[in-house]
Amino acid sequence: MAISRDFNPFANQAIHVPTAYHENLRLYSTTFGSADGGAKDIEEAPFKRYVDFWLLAAAIGASQDHFMTVDSAERHEFITGVVLQRDLAAIEFLFLLAIAHSGDPFVVRNPRQVLDIAEGYAAGGIPLVKDMMEAGHLPALQNLTRSLVKSLSPAASRPVAG
(Lines give C-alpha, C1' and ligand atoms only; values in the text may rest on other atoms or scores of the structure.)
Protein backbone atom coordinates (compact mmCIF):
# COMPACT_ATOMS: atom_id res chain seq x y z
CA MET A 1 0.00 0.00 0.00
CA ALA A 2 1.42 3.38 -1.00
CA ILE A 3 0.77 6.51 1.00
CA SER A 4 -0.49 9.45 -1.00
CA ARG A 5 1.56 12.64 -0.76
CA ASP A 6 -1.55 14.35 0.66
CA PHE A 7 -1.75 11.86 3.55
CA ASN A 8 -1.83 13.74 6.85
CA PRO A 9 -3.55 12.10 9.82
CA PHE A 10 -2.50 15.06 11.99
CA ALA A 11 -4.20 17.83 9.98
CA ASN A 12 -6.89 18.50 12.59
CA GLN A 13 -4.75 17.78 15.65
CA ALA A 14 -3.24 20.44 17.89
CA ILE A 15 0.50 20.31 18.47
CA HIS A 16 1.70 21.49 21.87
CA VAL A 17 4.84 22.50 23.71
CA PRO A 18 5.21 23.19 27.41
CA THR A 19 4.17 26.80 27.98
CA ALA A 20 7.55 27.43 29.59
CA TYR A 21 9.31 26.58 26.29
CA HIS A 22 7.05 28.37 23.82
CA GLU A 23 9.23 31.49 23.90
CA ASN A 24 12.22 29.37 22.79
CA LEU A 25 10.36 28.34 19.64
CA ARG A 26 9.64 31.99 18.86
CA LEU A 27 13.17 33.12 19.65
CA TYR A 28 14.95 30.52 17.53
CA SER A 29 12.68 30.53 14.48
CA THR A 30 12.16 33.07 11.74
CA THR A 31 8.42 32.44 11.55
CA PHE A 32 7.29 35.92 12.54
CA GLY A 33 10.43 38.00 12.09
CA SER A 34 12.11 40.17 14.66
CA ALA A 35 10.52 42.42 17.26
CA ASP A 36 11.18 45.47 15.07
CA GLY A 37 9.35 43.88 12.13
CA GLY A 38 12.47 43.03 10.15
CA ALA A 39 13.77 39.63 9.15
CA LYS A 40 15.63 37.60 11.74
CA ASP A 41 19.20 36.56 11.11
CA ILE A 42 19.27 32.83 10.33
CA GLU A 43 22.56 32.58 12.22
CA GLU A 44 20.73 33.45 15.44
CA ALA A 45 17.32 31.93 14.56
CA PRO A 46 18.23 28.74 12.69
CA PHE A 47 14.70 27.36 12.24
CA LYS A 48 12.37 28.60 9.52
CA ARG A 49 9.27 27.37 11.34
CA TYR A 50 8.37 26.56 14.94
CA VAL A 51 7.59 23.00 13.90
CA ASP A 52 11.13 22.53 12.56
CA PHE A 53 12.54 23.28 16.01
CA TRP A 54 9.87 21.02 17.56
CA LEU A 55 10.73 18.10 15.25
CA LEU A 56 14.46 18.36 15.97
CA ALA A 57 13.70 18.61 19.68
CA ALA A 58 11.59 15.42 19.46
CA ALA A 59 14.45 13.63 17.68
CA ILE A 60 17.06 14.83 20.19
CA GLY A 61 14.75 14.05 23.12
CA ALA A 62 14.25 10.52 21.82
CA SER A 63 17.95 10.01 21.11
CA GLN A 64 18.77 11.02 24.70
CA ASP A 65 15.74 9.19 26.15
CA HIS A 66 14.39 12.47 27.56
CA PHE A 67 10.62 12.00 27.66
CA MET A 68 8.61 14.51 29.65
CA THR A 69 4.93 14.17 30.47
CA VAL A 70 3.38 17.63 30.50
CA ASP A 71 0.16 18.39 32.35
CA SER A 72 -2.54 19.72 30.01
CA ALA A 73 -2.69 22.99 31.98
CA GLU A 74 0.99 23.57 31.20
CA ARG A 75 0.75 22.95 27.44
CA HIS A 76 0.63 25.64 24.77
CA GLU A 77 -0.89 24.90 21.36
CA PHE A 78 1.45 26.48 18.84
CA ILE A 79 0.14 25.02 15.57
CA THR A 80 -2.08 22.32 14.14
CA GLY A 81 -0.86 19.28 12.28
CA VAL A 82 -1.91 20.88 9.00
CA VAL A 83 1.65 22.26 8.95
CA LEU A 84 2.76 18.69 8.13
CA GLN A 85 0.73 18.61 4.90
CA ARG A 86 2.86 17.10 2.10
CA ASP A 87 5.68 16.42 4.56
CA LEU A 88 5.66 12.63 4.45
CA ALA A 89 9.15 12.40 5.95
CA ALA A 90 7.98 14.22 9.11
CA ILE A 91 4.81 12.12 9.29
CA GLU A 92 6.81 8.90 8.93
CA PHE A 93 9.27 10.13 11.58
CA LEU A 94 6.38 10.73 14.01
CA PHE A 95 4.98 7.27 13.29
CA LEU A 96 8.35 5.59 13.83
CA LEU A 97 8.96 7.54 17.01
CA ALA A 98 5.58 6.45 18.39
CA ILE A 99 6.14 2.82 17.41
CA ALA A 100 9.59 2.78 19.00
CA HIS A 101 8.27 4.39 22.19
CA SER A 102 5.17 2.23 22.56
CA GLY A 103 6.40 -1.02 21.02
CA ASP A 104 3.04 -1.19 19.22
CA PRO A 105 2.94 -0.79 15.43
CA PHE A 106 -0.79 -0.13 15.63
CA VAL A 107 -0.24 3.08 17.62
CA VAL A 108 -0.25 4.84 14.25
CA ARG A 109 -4.00 4.32 14.11
CA ASN A 110 -4.36 6.96 16.83
CA PRO A 111 -2.95 10.30 15.59
CA ARG A 112 -3.49 12.00 18.97
CA GLN A 113 -1.46 9.32 20.75
CA VAL A 114 1.33 9.63 18.15
CA LEU A 115 1.46 13.38 18.74
CA ASP A 116 1.34 12.96 22.52
CA ILE A 117 4.44 10.78 22.31
CA ALA A 118 6.23 13.24 20.03
CA GLU A 119 5.22 16.11 22.33
CA GLY A 120 6.76 14.25 25.28
CA TYR A 121 10.07 13.82 23.48
CA ALA A 122 10.00 17.41 22.17
CA ALA A 123 9.39 18.67 25.72
CA GLY A 124 12.45 16.73 26.85
CA GLY A 125 14.47 17.80 23.82
CA ILE A 126 13.78 21.54 23.65
CA PRO A 127 16.13 22.40 26.52
CA LEU A 128 18.78 20.13 25.01
CA VAL A 129 18.56 21.84 21.61
CA LYS A 130 18.52 25.25 23.29
CA ASP A 131 21.68 24.30 25.20
CA MET A 132 23.32 23.19 21.94
CA MET A 133 22.56 26.56 20.35
CA GLU A 134 23.87 28.48 23.35
CA ALA A 135 26.96 26.34 24.03
CA GLY A 136 29.91 28.16 22.57
CA HIS A 137 30.89 31.59 21.39
CA LEU A 138 29.52 31.29 17.86
CA PRO A 139 26.06 32.19 16.53
CA ALA A 140 23.26 29.76 17.42
CA LEU A 141 23.27 28.02 14.02
CA GLN A 142 26.99 27.28 14.15
CA ASN A 143 26.86 26.16 17.79
CA LEU A 144 23.95 23.83 16.95
CA THR A 145 25.72 22.41 13.90
CA ARG A 146 28.91 21.77 15.86
CA SER A 147 26.99 20.13 18.71
CA LEU A 148 25.07 17.87 16.33
CA VAL A 149 28.19 16.85 14.41
CA LYS A 150 30.00 16.16 17.68
CA SER A 151 27.09 14.06 18.98
CA LEU A 152 27.10 11.99 15.80
CA SER A 153 30.85 11.34 15.79
CA PRO A 154 32.06 7.80 16.51
CA ALA A 155 33.87 9.03 19.63
CA ALA A 156 30.57 10.26 21.09
CA SER A 157 29.03 6.80 20.78
CA ARG A 158 31.96 4.87 22.31
CA PRO A 159 31.47 3.70 25.88
CA VAL A 160 33.67 5.40 28.43
CA ALA A 161 36.33 3.07 29.81
CA GLY A 162 35.88 2.52 33.51
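**Entry 1: E119**

I began with E119, which lies in helix α4. A caution for my own notes: this is a predicted model. Is E119 buried or exposed? I found E119 buried, with a relative accessible area of 7%, and the cut-off for buried is under 20%.

Next I looked up what E119 touches. Leaving aside residues up to four places away in sequence, I listed A14, I15, H16, W54, R75 and R112. Two of those names, R75 and R112, came back in the next entry, where I followed the charges.

**Entry 2: R75 and its partners**

I went to R75 and found a salt bridge with D116, the closest N and O atoms being 3.9 Å apart. The cut-off for a salt bridge is within 4 Å, so I kept this pair on my list. R75 lies in strand β2 (residues 75-80) and D116 in helix α4 (residues 111-134), so the pair ties together parts that are 41 residues apart in sequence.

Which residues are joined into one network with R75? Salt bridges that share partners bring together R75, R112, D116 and E119. I checked the cover on some of these: R75 is partly exposed at 27% relative accessibility, D116 is partly exposed at 34%, and E119 is buried at 7%.

**Entry 3: other salt bridges**

How many salt bridges does the structure hold? I noted 8, and I looked up two further pairs among them.

One is R26 with E23, where the closest N and O atoms are 2.3 Å apart. Both residues sit in helix α1 (residues 22-27), 3 residues apart, which is about one turn of the helix. R26 is partly exposed, with a relative accessible area of 33%, and E23 is partly exposed too, with 42%.

The other is R49 with D52, whose side chains meet at 2.8 Å, N to O. I have R49 down as partly exposed at 27% and D52 as partly exposed at 24%.

**Entry 4: helix α2**

Which residues of α2 are buried? I wrote down Y50, V51, F53, W54, L55, A57, A58, I60 and G61. W54 was already in my notes as a residue that E119 touches.

I then asked what the buried residues of α2 pack against. My list has β1 (14-18), α1, β2, α3 (88-102), α4 and α5 (140-152). After α2 comes D65, and I marked its phi as positive, near 55°.

**Entry 5: the whole chain**

Last, I stepped back to the chain.

Of the 162 residues in the chain, 36% are buried.

The R75 and D116 pair, with parts 41 residues apart in sequence, is a handy one to look at on screen.

Methods: Residues are numbered from 1 along each chain as its sequence is written. This is a predicted model: local features need pLDDT of at least 70, side-chain atom pairs count only at pLDDT 80 or more; totals for chains, interfaces and linings use all residues. Side-chain values use heavy atoms; hydrogens and water are left out. Helices (H or I, at least four residues) and strands (E, at least two) are DSSP runs, numbered from the N terminus. Buried means under 20% relative accessible area, exposed over 50%, partly exposed in between (1.4 Å probe, protein chains only). Contact means heavy atoms within 4.5 Å.
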